[in-house]
Structures are given as structure tokens and as C-alpha cells.
Amino acid sequence: MPNQRLQFAGRDGQQLAARLDTPAGAIQAFALFAHCFTCGKDALAASRIAQALTQHGIAVLRFDFTGLGGSDGEFANTNFSSNVADLLAAADFLRTQYQAPALLIGHSLGGAAVLAAAGDIPEARAVVTIAAPSDPAHVVGMFGDHRPAIEADGEAQVTLAGRPFRIKRQFLDDVAEQRLLAKVSALRRALLVMHSPADDTVGIDNASQIFSAARHPKSFVSLDKANHLLSGKEDAAYVANTIAAWSQRYLGIDAAGMTAEAQEEGLVRVEENHLGKYQQQVTVGPHRLLADEPVSFGGLNGGPAPYDLLLAALGACTAMTMRMYAERKGLPLEHVSVALRHEKIHAADCAECENKEGKVDWIEREIDIQGPLDGAQRDALMAIADKCPVHRTLHSEVVIRTRPGGQQSAE
């Protein structure tokens, strides 16, 4: 997947390390992602969400705030206001080098930061918060018993997520001055609030306060049992896919903006979206869907498994063929439904099989047809089912020619 390592100047001119995840085809919109407090651009949730959005034509810039990851600067000299300033610098970088962000996404304190910054990014049309506090001062609770020392001595070393950070009193003073909910009420952007009721770092009441303060259009999605960092693969995948589906409405992304290659009739493109081990983004002309393996097989169950898609193809072809036949013959067919199952069975147990060695693929297809049909009409419809093109393909000799694509084909 295309991924560019970039740098841009932060609020004080220091260089901030960034990644730009871009779609394989045309870019429909740009998004700006703000990570959680003391995290980084390569945090699992940030990475998965960004990569999933590229499958929907959205390019995502994620970066390390000042003093974190690969960015220059001293973390101890930063605060919430400086994070907001870094976000505005990132938006300006996109604006001058590519295109201003239409979508802002923030995780935890990054969510509070995008809410604070959105009013100063006029091109932003939609904002998403994930496990965000309604008051930046909430993060002070993470400092535990070190707060008195910070206030008395001007600074103290605090361990956060297993790493030491130097926190200065100016950080406490800065978050105490923030009035985030007032900015939320004046947001004038489509807002999606995502939060888990099981979040024991930033309570669900924070989401309620943000949602109540915001004006419509606004939406809330519960993340059920997800933890604060979205460390579960299935949770990050759910968040990513939900953001992609929700944001397209506000970003104006539709099939007309897809690449000619993606719209080419008969072309099916399948590629990893890096959500879990096996999940794939399937593009068929203007249509998009996911393929995956069930959780029991190590997947996220984010979409049908490959054999499920094969059965779906056979079932759809069967029903379509029967419908076409009924219309051509003027039969009173009212409804068709097809139920299918696939399994591997021993050839010796297959009465219809000529080869009695090894195993064979067994597909059980049950067809239910409804309508005032007589016996002859029903028999004719059942017979035509075996003549659907996919059925014939499965029973014919199939040649699959495999060749390298992309960069490999040019080598």
C-alpha cells in the first residue's frame, strides 16, 4: 500500500515526522489523524484506521506531535495548546502541498485536539472523536500522585504507558484554561463520537458531554467492549470501517470519483487492507465489500470467507437465471431463495463421483420457489438452475493464468 514518510515544520519551526497513507487509485479526500496522549503516528489504532480509509479513496496524514516518536522538540515543553498548533501546522502542510483535510480524526486527547482545531480549518467538513475526553484536563488524572510535585517543583518525571515523561507545571496551567465544550457547541461540522462504555481511562460520560454540546448533524457509535487504546484487532477494524462508511456522506465520495480501472466492467480487484491477518478489500466496479476469515480461523469475521463468496456467486447466478427464464416464458414466479453449504467429503462417500480417491468439494444447494406454478413449470425452473453460468463454470475445465503485477511486472 502506498505510504510516504514526510516531514513538515511544526508550530515553532521544528520538524515533525509524518506518514501519508494514500489510496492505490485517485484520492477523493484528505484526512488528518491525531493520536492519543504520549502515543505516536504508528500506534496500532492509528495505523489500522489510516490504512483502512485508503481503501475508500481517502488519504490520511498521521504525524508525531512535538517531542514524540520521530519528531523534533522537547516533550516537556509541550501542552494541549501546542498540540492544537501542531495540528493546524499539519493542516497547513496538507493545504499547501496536497489538499486541505476534509476529515479530522482524533483518538483520546487527540480527539479533544481535533475538536479544538476544527474551527480554524475551514475546509474540514467532518470530525471524528474516538475515546476523547470532554475536558483536556482529564489527562491530569494520569499523573497520579505526581501532581503535587509538579505544582510545587515546577516539574516531575511521570511514567505513562511504561515510559518516563517529564511534565512541567505549564502543562497543568494550559489544560486548566481550556473550554473545549464551548468550541464543540460552535463546531458547525458533522460530528461522529465513538466511545466504549467499558473504557476505564476516559469514561463514557465524556462522550455524552461532547455529544450533548454538539449541534446536528451528529452521530454516536458505541464501541461496546473495546478498551481505550483499541488494542483489539476487531475493535480497530470496526472503528475504521464505520468511519469510512459515515464520512463518505459528508465528503461527497461516490462511484463517479473512482478510477477508470476500478470502474472497468469485469475487473475485480482484491487487496489487503491490513486490518487483522486476512481481511481483504474487494472492489468490483463501483461496489466495495470485505472478505475475511472467521475469528476461529484467525480472522476478524469482517466479511464473508472466500468459499462463502463462491457460494454467494453460485446462489446469485442461480436465482438470476431462474428469474430470467421465468420472465422469458411468462411463468408466475413470485420469489426465489437459494441456500447453499460447502464442505469437503471423502470421494468414497460420494455416489455421484467417478473418482473414489481422496476428497471432493461438495456443495449442497436448496432452492425454494414460490408462486402459483404447476408441476411442469416447477420442474422446468429447477432444471434451468443447473444451466446458470456459474454452475457451468464450476463443472467445466477452468484455466487460471497467474502473472506478476505492479512493480514486479516491470522488473
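Predicted model: local features only at pLDDT ≥ 70, side-chain atom pairs only at ≥ 80, totals over all residues.
**Entry 1: Arg19**

I skipped its neighbours within four places in sequence; Arg19 then touches Asn3, Gln4, Arg5, Lys41, Asp42, Val60, Leu61 and Arg62. I placed Arg19 in strand β2.

Is Arg19 buried or exposed? Its relative accessibility is 14%. Buried means under 20%, so I logged Arg19 as buried.

Next I checked the side chain of Arg19 for a polar partner. I found a polar contact of 2.7 Å with the side chain of Asp42.

**Entry 2: the sheet**

I then traced the strands. They form an open sheet of eight, in the order β1-β2-β4-β3-β5-β6-β9-β10. The pairing is mixed. I noted β1 (3–9) and β10 (218–222) as the edge strands, each pairing on one side only. From one strand to the next, the twist averages 20°.

I looked at one pair in detail. Strands β3 (residues 29–34) and β4 (residues 58–63) run parallel, and five bridges join them. Leu32 has Leu61 of β4 as its bridge partner.

Which strands does helix α1 touch? I listed β2 (15–21), β3, β4, β5 (103–107) and β6 (126–130) for this helix, residues 44–54, which packs on the sheet. I read its direction at about 160° to that of β4.

Last, I took helix α8, residues 233–251. I found α8 lying across β3, β4, β5, β6, β9 (190–195) and β10. Helix α8 runs at about 170° to β9.

Notes
Residues numbered from 1 in each chain as written. Heavy atoms only, no water. Pairing = 2+ DSSP bridges. Helix = DSSP H or I, 4+ residues; strand = E, 2+ residues; numbered from the N terminus. Axes fitted to C-alpha atoms, helices over the stretch in contact; angles between N-to-C directions. Contact = heavy atoms within 4.5 Å. Buried < 20%, exposed > 50% of the residue type's maximum accessible area, 1.4 Å probe, protein only. Polar contact = N/O pair within 3.5 Å; in protein donor to acceptor, adjacent residues only side chain to side chain.
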